[in-house]
Amino acid sequence: MSFINYAQREINCKIVYYGPGLCGKTTNLQYIYNKTNPEAKGKMISLATETERTLFFDFLPLSLGEIRGFRTRFHLYTVPGQVFYDASRKLILKGVDGVVFVADSQIERMEANIESYENLRDNLQEQGYSLDKIPYVVQYNKRDLPNAAPLTELEEVCNPRKVNSFEAVATKGVGVFDTLKAVAKLVLTELKRGG
Amino acid sequence: MTNQLVMYEEELQQINSVCEQLHRDSNAKAVLVIDKNGQAIAAAGEVESLDVTSLSSLTAGNVAATGGIASLLAEKEFAGQFHEGEKTNVHLSIVAGRVILVVLFDTRSSLGLVRLRVKKASVELARILDDLVRKSASDKSQTILAEITDDDIDNLFND
């Protein structure tokens, strides 16, 4: 749910990074955090276990500049990817304006991608959203690994809607900002259309 | 997109003055109003040293998680929460099902006083929020959104 603050001239939106466990959602946010000017970002918060697995969510507030005198602020969240944290994932999707689905390109993780994609669809529906309508992009992460599945195969599984998709190596930052810009643009376009 | 939250100058001023009043009446360190999705709306008191953005997101996460527990226990929601610290205590309450009223307080105040003052402030806050929802539903102009062009959006990313 976007928050338009006329009093403080701000447009606030929420973007959620979704995907199977260890696909690189947190790594995306960490890269964005490390490469963003201090004045454009707030503190990055990670509610993680001792082994650095996301327990509840990661959070990164980001300012992307001004549109017609209004500051655009994006709150980026990740969900915990592990299957048994489903209750937490549902909570984080509340009020979402745009979704990035981060798929793990490794062929062994194909099943996990499918399961997470179906889970995203179900959980969005439960919150009253539709994956077919919400601003949504796909990122194929870990493209540098030797066991990465062919793109066509991943597209078939994770992107039946044929939305914008990006190849990425999040640890090195490849594709990270392209993905963010694409989803932010979709969110603002949707906001404009809705308004 | 439905269920968008819109804030206007007039209502923000009213919310700010409720926060300031509550801050004074309850001898609190700080008072925050946060929407349930984690966006900070208003703050009063000693907020310079606070990371209001992070506090808002974590508070909303906390309230969402507690709401999840409530529904597992077939409760509607837990309307209030209290966290006791060594120096600072936190009182959280949900107002009008939409926003979270946060009061940070120390030994200058007490839980009883905070609860009492929060009750009064919540009524006032709920009234302002009702007005806000009505106003935003009837305001179809939404000028800023209607004025945004595709070029504006493109320009934001041409750096």
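In this predicted model, helix 2 (residues 86-93) of chain A packs against helix 3 (residues 110-126) of chain A, with the two axes 9 Å apart and an angle of about 55 degrees between them. On the helix 2 side of chain A, the residues involved are Asp86(A), Arg89(A), Lys90(A) and Leu93(A). Their partners in helix 3 of chain A are Asn119(A), Asn123(A), Leu124(A) and Glu126(A). Sorted by class, this helix-helix contact comes out as 4 charged, 2 polar and 2 nonpolar residues.

Turning to the contact between the chains, chain A puts in 36 residues and chain B puts in 32. On the chain B side, the elements that supply two or more residues are strand 1 (5-7), helix 1 (9-25), helix 2 (52-72), helix 4 (143-147) and helix 5 (150-156) of chain B. Of these, helix 2 of chain B gives the most, with 8 residues.

Strand 1 (residues 3-5) of chain A runs parallel to strand 1 of chain B, and 3 bridges hold the pairing on record. Within this pairing, Ile4(A) stands opposite Val6(B).

Two lysines of chain A call for a closer look at the backbone. Lys142(A) is not a glycine, yet its phi is positive, near 65 degrees. This residue belongs to the loop that links strand 7 (136-141) to helix 4 (151-158) of chain A. Is Lys142(A) buried or exposed? There are 22 other C-beta atoms within 10 Å of Lys142(A), and because the cut-off for a buried residue is 20 or more, Lys142(A) counts as buried.

Lys162(A) likewise has a positive phi, here about 55 degrees, without being a glycine. Its place is the loop between helix 4 and strand 8 (165-167) of chain A. With 8 other C-beta atoms within 10 Å, Lys162(A) is exposed, since 12 or fewer is the condition for that label. To put the pair together, Lys142(A) is buried, whereas Lys162(A) is exposed.

Key. Residues are numbered from 1 along each chain as its sequence is written. Chains are lettered from A and ligands numbered from 1 in the order in which they are written. This is a predicted model: local features need pLDDT of at least 70, side-chain atom pairs count only at pLDDT 80 or more; totals for chains, interfaces and linings use all residues. Axes are lines fitted to C-alpha atoms, for helices over the stretch in contact, and angles run from 0 to 180 degrees between N-to-C directions. Helices (H or I, at least four residues) and strands (E, at least two) are DSSP runs, numbered from the N terminus. Two residues are in contact if their C-beta atoms, placed from the backbone, lie within 7 Å. Ala, Val, Leu, Ile, Met, Phe, Trp, Tyr, Cys and Pro count as nonpolar, Asp, Glu, Lys and Arg as charged, and the others, Gly among them, as polar. Two strands pair if DSSP finds at least two bridges between them.
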